[in-house]
Amino acid sequence: MDPYKVLGFNETVIADYLIEFLRDEIEKVGFKKAVVGLSGGIDSSLVVYLLKEALGKDNVYALIMPYRLSSKESTEDAFKVVNELGIHYKTIEITKMADGYIDESFNKVRIGNILARTRMIVLFDQSYDLSALVVGTSNKTELLLGYGTWYGDMASSLNPIGDLYKTQVRILSKHMDVPENIINKNPTADLWVGQSDEEELGFSYDEADLILYHLFDKRFSIDEVVNLGFSKKIVNGIFERVRENQFKRLPPIIAKVSRRSINWDFRFLRDWGQV
């Protein structure tokens, strides 16, 4: 089964919709500018390409935030994107901030989470300084699998690609003329030396996207997805990951003790009261 055929869409229509989404959602809460953490990977690169079309290059700020163990290739790819688009950028080294807390007892997962949350702190601080909203770069595959750091790379003010599977991010990146080497390189969050998303997950994004699409968009049962030719162990494992990480996709639950409680009965649209 070819994920690019199953998950294909009209690239022009989706790109135009996401560009309008970004422009509309940023402006209607009183902002004109956006700031993004640019890793040099495909997800953040696609987001800045969309933002440049939505807001114009003078209103887009990319933050390149390397750690001492970050790959040189990732940083070079991030510079390639900002130079190609002519957007504003800052390079903010996070090594001193992160290493001020990390010690030798921390394992690599814990360190990865600290790096993601350190970058989040920098992003939201720069958001204040620049009067720019933080735009997220997590895709639908990562969000469903819970493959991200809570209040780290999953934190943002809005997210244009959170309903696109990784396969669809690749399709749209090609349409938006993101550099080919960024589209085709091995996916990595670059949280430690040699880290690979697919090795860590234990399956490929192509396989995960097809399984997730049939389980949650098509609402197939686990057995129906297995009958399409997928490993029962992997289908079960993916379903359990999605279920176990549901709490990470929701705002914190508040204990209800009053008549009108936030997120229970006190519920308004994001742009409530904005003219």
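Tutor: Two strands pair if DSSP finds at least two bridges between them; strands (E, at least two residues) and helices (H or I, at least four) are DSSP runs numbered from the N terminus. This is a predicted model, where local features need pLDDT of at least 70, side-chain atom pairs count only at pLDDT 80 or more, and totals for chains, interfaces and linings use all residues. Residues are numbered from 1 along each chain as its sequence is written, and side-chain values use heavy atoms, leaving out hydrogens and water.

Student: OK, how many bridges join S2 to S3?

Tutor: 4 of them, and the two strands run parallel. In one of the pairings, Ile64 has Thr91 of S3 as its bridge partner.

Student: And what's the strand order in the sheet?

Tutor: S3-S2-S1-S4, an open sheet of 4 strands with parallel pairing. Strand S3 (88–91) and strand S4 (132–134) sit at the edges, each pairing on one side only.

Student: Switching topic: which residue does UniProt mark as "binding site"?

Tutor: Arg117, from an unreviewed entry. UniProt positions follow the numbering used here, feature names are shortened, and annotations may be inferred rather than shown by experiment.

Student: Where is Arg117?

Tutor: In helix H6, which covers residues 108–130.

Student: Why does Arg117 count as partly exposed?

Tutor: Because its relative accessibility is 34%; buried is under 20%, exposed over 50%, partly exposed in between (1.4 Å probe, protein chains only).

Student: What's Arg117 in contact with?

Tutor: Thr149, Trp150, Tyr151 and Gly152, skipping neighbours within four places in sequence. Contact means heavy atoms within 4.5 Å.

Student: And what does Leu50 touch?

Tutor: Ala15, Leu18, Ile19, Leu22, Ile161 and Met176, with residues up to four places away in sequence left out.
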